[in-house]
Amino acid sequence: MRPAWTDELADPELTAFVEAARAPGPSVRELGAAAVRRAQRERVMARPRGPELAEVSDRDAAGVPVRVYRPGSVRRGTVVYAHGGMWTIGDLDSHDRVCRRLAATTGATVVAVDYRRAPEHPWPAAVDDVLTVIAWACEGGDAGDPGGPRDGGGARDGAGGGSGGDAGRNASDGAGGGPLVVMGDSAGGHLVTLACLRLRDEGGPMPGAQVLVCPNTDLTLSLPSTRTLATGWGLDVDDVAWGVEGWVPDPGMRARPAVSPLFAQVGGLPRAVVVTSEYDPLRDEGDAYAARLAEAGVPVTHRREPGMVHGFLTLDTLSPAAAAAGERVFADVATLLEDLVV
């Protein structure tokens, strides 16, 4: 007899994914960063690449590696994207398929940030990198090829090794012209939120909107879903705690607003889309952050995806329901970009 929880997820494929994740095995804490990164690279290599685009290029954004995705000649704005991965794993390749889908669906230029990771580079290195790329994009940094292509650049998408391509140049509000949106999933959502807080406080160039998918917002991991969904749903709370310990080694700092945006004053931030998942240990902190934004007068679109788990943007090849949830997020981004032009 199957356990009752198997009927609670969005589709049978997602149930199979969670069942596999519940199989006995070493935790990320036991494996360590190097081994977890290797395992992720193997998974990425086995995954279909994603939609072919007009141009894809690895670039240097004022010292920060980025990958620029252009879906075509019509520019509908720019999305600066920070990947998830517990501040410790993830890179340009882990979220290449996500960024390709995002660019293809929205028509926007996507700039993926290869920020410095923990434990080698603790807080605030990754936030600094995201801020650098936002400024670079706002200044039209993709115009004129300021940094030149990095490894893999110089070939049109699909015509060369890796994911490299040769991006065309166009300067406007963002690297691809039009409005600028910042977006991230999981730890990446956390980073773009911290970046927006710093831009507000330091008077930097503010994006038109922020899109947060299953974001970390409370590095104390103290809200109820971190206990009720602590293990067995594809992301264990101890895995997140391990990532927190590497990124913010001092426990006394983890409740500070500069580290946990849930405890910050959030008035004056850009309009937001916040999407959480029903079976995600980070669910409550994402929901709470959306409520905080709304209370502060920030326009918010908030949706909790029913029957969904953490990290669904990278599960589209495994689960039709996860793929559909991702398409809803991309539709949210497209709507934001259209609204920001008006």
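Tutor: Asp-239 touches Ser-27, Val-28 and Met-86, leaving aside residues up to four places away in sequence; contact means heavy atoms within 4.5 Å. This is a predicted model, in which local features need pLDDT of at least 70 and side-chain atom pairs count only at pLDDT 80 or more, while totals for chains, interfaces and linings use all residues. Residues are numbered from 1 along each chain as its sequence is written, and side-chain values use heavy atoms, with hydrogens and water left out.

Asp-239 lies in helix 8, residues 237–247 (helices are DSSP runs of H or I, at least four residues, numbered from the N terminus). Asp-239 is buried but has no salt bridge, and Arg-29, the nearest side chain of opposite charge, is 6.9 Å away. Here buried means under 20% relative accessible area with a 1.4 Å probe, protein chains only, and a salt bridge requires a side-chain nitrogen of Lys or Arg within 4 Å of a carboxyl oxygen of Asp or Glu. For charge, Lys and Arg count as positive and Asp and Glu as negative; His and the chain ends are not counted.

Turning to the cysteines, Cys-99 counts as buried because its relative accessibility is 1%, and Cys-214 counts as buried because its value is 3%. The structure holds zero disulfides, a disulfide being a pair of cysteine sulfur atoms within 2.5 Å.

As for confidence, the mean pLDDT of the protein is 90, and 88% of its residues reach 70 or more; pLDDT is the predictor's confidence in each residue, from 0 to 100.

Note on methods. Helix = DSSP H or I, 4+ residues; strand = E, 2+ residues; numbered from the N terminus. Buried < 20%, exposed > 50% of the residue type's maximum accessible area, 1.4 Å probe, protein only.
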